[in-house]
Amino acid sequence: MPTLYMTETFEQNSKIFLNNTDAAYDECASGIANLDKIIVSVSSGYSSMTRGYLLPIIYAYWERFFRIVFSEYLRCVELSNLNLISIHPQLAQLRLKREISDTLRKHGIKQLQETASSLSIETAKTFFDNLTVIFQRPVTFADPSNLVETESNVNFTVLQKNCKNMGIDIETVKTQLEESAITLSTVLKELVDVRNQISHGDTFKAIRSDEWESLKNSILSVMTAVQLELYETLRQGRCLK
């Protein structure tokens with residue numbers, strides 16, 4: 001159980017997270033709303049095709065928000081002043097993996113066993129001493145966005161992978177959306193499939209008004225659900241081991 005001090009810290013940091021990510025959500029939601037203004041400004045005969053042209057922009061806002069909220073989550077974990085031993089094991093492993101990778105790269109080494117042949121004994125000792133220290137010092141994320149994996153596109157698998165890496169319960173996100181009759185994997189697949197078809201050179205598809213409204217509103221709901229789960233994970237101290 002978190003101490004009273006940590007409970008207060010998590011409460012404070014979760015408010016910081018919510019404030020910053022609310023601003024990001026408002027920006028993305030406003031941008032998506034502006035797409036509607038473009039659609040109504042064109043002749044009715046071109047509305048369906050215009051929706052098809054603009055759909056990849058909804059994806060762009062989703063990816064932007066995804067990257068921002070997960071980066072901000074990591075930044076707020078850092079504000080909690082925890083060490084690797086204290087944080088959620090999966091997040092600790094993610095940070096440790098990056099720390100080792102960065103340290104090896106600084107020494108021009110690809111694999112750990114190369115330290116025996118590539119470094120002097122004195123340098124090797126310093127190398128391993130520095131690795132030991134990272135378990136005691138507070139966890140930092142110099143550039144949190146570097147730990148957020150978007151891969152070729154942010155589909156359900158990528159969202160699930162990032163949640164797993166950071167110890168986030170994606171099942172809660174799915175359940176929350178199901179209460180609004182939204183299936184997380186289906187919505188993201190629909191959005192990503194349309195985006196990929198266009199980026200791979202397929203013909204733009206005309207999108208009906210009801211299709212547009214359903215997908216647009218579902219993506220906004222997904223953004224809200226993801227943000228809420230990250231917020232609650234911070235607030236409840238579930239980022240702890």
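This is a predicted model: local features need pLDDT of at least 70, side-chain atom pairs count only at pLDDT 80 or more; totals for chains, interfaces and linings use all residues.
Colleague: Which residues touch the most other members of the largest nonpolar core?

Modeller: A nonpolar core joins buried nonpolar residues through side-chain atoms within 4.5 Å. Here the largest one has 64 residues, and Trp-62, Phe-70, Tyr-73 and Leu-159 touch the most other members. Helices H1 (4–41), H2 (47–79), H3 (89–106), H6, H7, H8 and H9 (209–235) each give two or more residues to this core.

Colleague: Which element gives the most to this core?

Modeller: That is H2, with 13 residues.

Colleague: What does Tyr-73 touch, leaving out residues up to four places away in sequence?

Modeller: The list is Phe-17, Met-166, Ile-168, Leu-230, Thr-233, Leu-234 and Cys-239.

Colleague: How many residues are in the second core?

Modeller: It holds six residues and is separate; Leu-104, Ala-124, Phe-127 and Leu-131 are among them.

Colleague: Now the backbone. Where is Glu-151 found, and what is its phi?

Modeller: Glu-151 sits in the loop that links helix H5 (121–133) to helix H6 (156–166). Its phi is near 50°, which is positive, and the residue is not a glycine.

Colleague: What is the phi of Ala-181, and where is this residue found?

Modeller: Ala-181 also is not a glycine, and its phi is positive, about 60°. It lies in the loop between helix H7 (170–178) and helix H8 (184–199).

Colleague: Is Ala-181 buried or exposed?

Modeller: Exposed means a relative accessible area over 50%. Ala-181 has 72%, so it counts as exposed.

Technical notes. Residues are numbered from 1 along each chain as its sequence is written. Side-chain values use heavy atoms; hydrogens and water are left out. Helices (H or I, at least four residues) and strands (E, at least two) are DSSP runs, numbered from the N terminus. Buried means under 20% relative accessible area, exposed over 50%, partly exposed in between (1.4 Å probe, protein chains only). Contact means heavy atoms within 4.5 Å.
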